[in-house]
Amino acid sequence: MHDLIAALKPYESYIRIREHEPMAHHTTFRIGGPADLFLECASGAPLGEIIPLVRGAGVPLYVIGRGSNLLVRDEGVRGAVLCTAEMHEITITGSSTIVAEAGASLFSIASTALRQGLAGAEFAAGIPGTLGGAVFMNAGAYGGQMADLIVRTHYLDSDGKPGVIEGDAHGFGYRESIFKAHPDWTILRAELRLTPGSPAGIREKMQDYAQRRREKQPLEFPSAGSTFKRPAGYFAGKLIQDSGLMGYAVGGAQVSEKHAGFLINRGGATCADMLALIEYVQKTVLQNFGVELQCEVRLI
């Protein structure tokens with residue numbers, strides 16, 4: 001690892017290098033042991049050089065944004081974590097297109113669209129993640145999804161070579177994309193196509209969604225949002241609630257008493273606690289309803 005750190009020194013104007021960085025500081029669950037190496041990249045970082053350098057050293061590499069859909073094991077990450085959260089430039093091109101780097105927060109993108117009088121991104125304002133992660137999993141809420149907005153995505157392949165995905169080639173499905181099938185690809189930026197709209201109407205819709213979240217979601221506790229995918233014909237939260245599991249806890253991990261679809265960190269939860277709770281919820285719902293809940297959260 002020391003040889004890799006020395007090799008990365010010429011890039012220090014673009015990346016901040018930290019050893020043994022607690023991943024609990026970089027996930028919305030506030031859970032996770034230390035990463036051997038944590039690389040925080042700024043806009044303009046030459047990832048096409050940095051990523052092959054890390055992989056060429058034989059070091060496992062994990063790319064994250066704000067860690068909003070991520071559960072990191074208690075023993076941490078043996079390898080390097082590259083964080084793109086500081087790669088967050090947003091620009092307007094043409095009359096209705098936004099281009100944003102992978103680390104741009106969905107809230108910032110929705111706010112930029114509001115200021116430009118562009119509609120379509122309102123649903124994303126309350127999703128606590130970055131554009132890269134949102135494209136990776138085709139994030140969505142309130143009837144909207146990234147597949148409705150994304151027209152082009154720029155990425156690096158496993159060898160660090162640049163590529164572009166357009167339109168249907170994204171392979172978007174429910175919480176799916178071509179990038180999930182190629183986890184060694186790295187999203188750099190994406191272009192979103194929106195539609196002109198009334199700023200007042202856009203703001204009203206964003207405020208309505210925000211109010212609904214405050215009323216129905218346990219925003220006061222660390223979580224990864226909805227823990228499980230929506231099963232066909234059902235709602236995961238309803239199945240969990242009807243199984244009598246609201247408030248059920250394993251250590252510091254708990255099924256939210258406000259929204260059963262959210263598994264939360266009540267304080268001091270470990271990854272082992274959360275995994276045990278996930279497994280118990282899945283087992284109980286399967287026994288009660290014959291429905292297999294699939295976890296939406298990515299584990300590393």
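This is a predicted model: local features need pLDDT of at least 70, side-chain atom pairs count only at pLDDT 80 or more; totals for chains, interfaces and linings use all residues.
User: What is the strand order in the open sheet of 5 strands?

Analyst: The order is E6-E7-E13-E11-E12, and the pairing is antiparallel.

User: Which are the edge strands?

Analyst: They are strand E6, residues 90-93, and strand E12, residues 162-166. Each of these pairs on one side only.

User: How many bridges join E6 to strand E7?

Analyst: There are 4 bridges between E6 and E7, which covers residues 97-101, and the two strands run antiparallel. Among the residues involved, Thr-91 has Val-99 in E7 as its bridge partner.

User: And what is the average twist from one strand to the next?

Analyst: In this sheet, the twist averages 20° between one strand and the next.

User: Changing topic: which residues touch the most other members of the largest nonpolar core?

Analyst: They are Leu-106, Leu-131, Met-146 and Leu-192, in a core of 36 residues.

User: Which element supplies the largest share of this core?

Analyst: Helix H3, residues 106-115, does, with 5 residues. Other elements that each supply at least two residues include E7, strand E13 (186-193) and helix H6 (199-216).

User: What does Met-146 touch, not counting residues up to four places away in sequence?

Analyst: Its contacts are Leu-106, Phe-123, Leu-131, Ala-134, Val-135, Asn-138, Ala-139 and Leu-192.

User: How many residues are in the second, separate core?

Analyst: That core has 23 residues, including Phe-228, Ile-240, Ala-253 and Cys-271.

Note on methods. Residues are numbered from 1 along each chain as its sequence is written. Side-chain values use heavy atoms; hydrogens and water are left out. Two strands pair if DSSP finds at least two bridges between them. Axes are lines fitted to C-alpha atoms, for helices over the stretch in contact, and angles run from 0 to 180 degrees between N-to-C directions. A nonpolar core is a set of buried Ala, Val, Leu, Ile, Met, Phe, Trp, Tyr and Cys residues joined through side-chain atoms within 4.5 Å. Buried means under 20% relative accessible area, exposed over 50%, partly exposed in between (1.4 Å probe, protein chains only). Contact means heavy atoms within 4.5 Å.
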